[in-house]
Amino acid sequence: MTDETPWLTRDQLRAWMKLVAVMELLPAALDQQLQRDADLTHFDYMVVAMLSETESRTLRMSALAAATNASLPRLSHVVSRLEKRGLVNRCPSVDDRRATDVRLTDDGFAAIVAAAPDHVRTARRFVIDALSDEQVRQLDGITRALLGRLDPEGRFAALTYPRDEDEVLCEERLTGGARSGGGRAGGVPAAPAGVLFRDATADDGALLRRATLAAMNWQTASFVDADLDRPEFAHYVVGFDPARDHGVVAVDGDGPVGVAWVRFLPADDPGYGFVAEDVPELTMAVDERGRGRGIGTALLARLLDAGRAAGWPGVSLSVEDGNTGARITYERAGFRTVGRNGDSDTMLVRF
């Protein structure tokens, strides 16, 4: 070729043409089933499904766009159509009047519960059941590589969804399991198989240090252990006091696999997600071997339940721009943006 880009080899062309065919045929098959059985397009379904997974059945428009891999103009058009059908409501955000929230109505929740089983059967028929378990893992790797080129800035949530924090909610949605009030049935989720939970102690300093570094390096390895001695980071680790602070550690047969903890920080030494001295700030990290097991869900639920029992007014945290998966996870747990600190939003869940 004149621009020195090589032509596709025969093997590459075969793979490319099959991918093109799948891109044409699969969306049509998904739309056909959903429109026939639920009067929804596949994108309608995604919008309603993502809303159904939040504690309040509500997401900010920008977060919903990231969750559904959509542009804001496309999402706005679809939300308007769903609003006319009474499946969603759109209103100014209670946390930022400049932003817009989308809330799933009771009719919308009933629609997703009814539609989910047939949709999952269709997804299995055309994709999942056609592949072996190993091929599903290969498909995950292939699509991850493609999304790395199509969405290099990580604007959309596909690369991180479902996070281990999402596992129980995802299963409930896909099986059409009804949830009262938009939350998980039964309160704290059951412990994942082979995992025990204990309270964090003053002897867990090394664990909290490793977890803080992992949380800081959520995207790239930009920080090293020595950075944790800087004052703006040290207060997340140094001086953890179980009599005042609180943490939950997940442990399997090989040792700690995840930890979530809060620190009560003073106004003269605030964290990035500081709200008030009586509102503790959350940090959470799950080891790589623990991801996909529901450990994050269990940690977060146990920590928030401990806060409610202790009478905390709420819990705050800081989430960086671009960390869309974490942002959606926290919004599902009821966290809302209440402030801004540099390139991060301060989020708060009130009890």
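## Exercises on a predicted model

Asp39 sits in the loop between α1 and α2. Keep in mind that this is a predicted model.

**Exercise 1.** Describe how helix α2 packs with helix α5, and sort the contact residues by type.

*Solution.* First find the two helices: α2 covers residues 42–52 and α5 covers residues 106–126. Next, look at the geometry: they pack at an angle of about 115 degrees, and their axes are 10 Å apart. The crossing of α2 past α5 is left-handed. Then pick out who touches whom. From α2 come His42, Tyr45, Val48, Ala49 and Ser52, while α5 brings Gly108, Phe109, Ile112, Ala115, Ala116 and His119. Last, sort them: 7 residues of this contact are nonpolar, 4 are polar and none is charged.

**Exercise 2.** Find the nonpolar surface patch of about 900 Å², and say which element gives the largest share of the nonpolar patch.

*Solution.* Begin by marking the members of the patch: Leu8, Leu13, Trp16, Met17, Leu19, Met23, Ile142, Leu146 and Leu150. To be counted, a residue needs over 30% relative accessible area. Now place them on the fold. The elements giving two or more residues are α1 (10–38) and α6 (133–150). Leu19, for instance, is found in helix α1.

Definitions and conventions: Residues are numbered from 1 along each chain as its sequence is written. This is a predicted model: local features need pLDDT of at least 70, side-chain atom pairs count only at pLDDT 80 or more; totals for chains, interfaces and linings use all residues. Side-chain values use heavy atoms; hydrogens and water are left out. Axes are lines fitted to C-alpha atoms, for helices over the stretch in contact, and angles run from 0 to 180 degrees between N-to-C directions. Helices (H or I, at least four residues) and strands (E, at least two) are DSSP runs, numbered from the N terminus. A crossing is left-handed if the near helix is turned anticlockwise from the far one by less than a right angle, and right-handed if clockwise. Contact means heavy atoms within 4.5 Å. Ala, Val, Leu, Ile, Met, Phe, Trp, Tyr, Cys and Pro count as nonpolar, Asp, Glu, Lys and Arg as charged, and the others, Gly among them, as polar. Patches are made of residues with over 30% relative accessible area and no salt bridge: like charges are joined within 9 Å, nonpolar side chains (Val, Leu, Ile, Met, Phe, Trp, Tyr) within 5 Å. Accessible areas come from the Shrake-Rupley method with a 1.4 Å probe; for residues, only the protein chains shown count as cover. A salt bridge is a side-chain nitrogen of Lys or Arg within 4 Å of a carboxyl oxygen of Asp or Glu.
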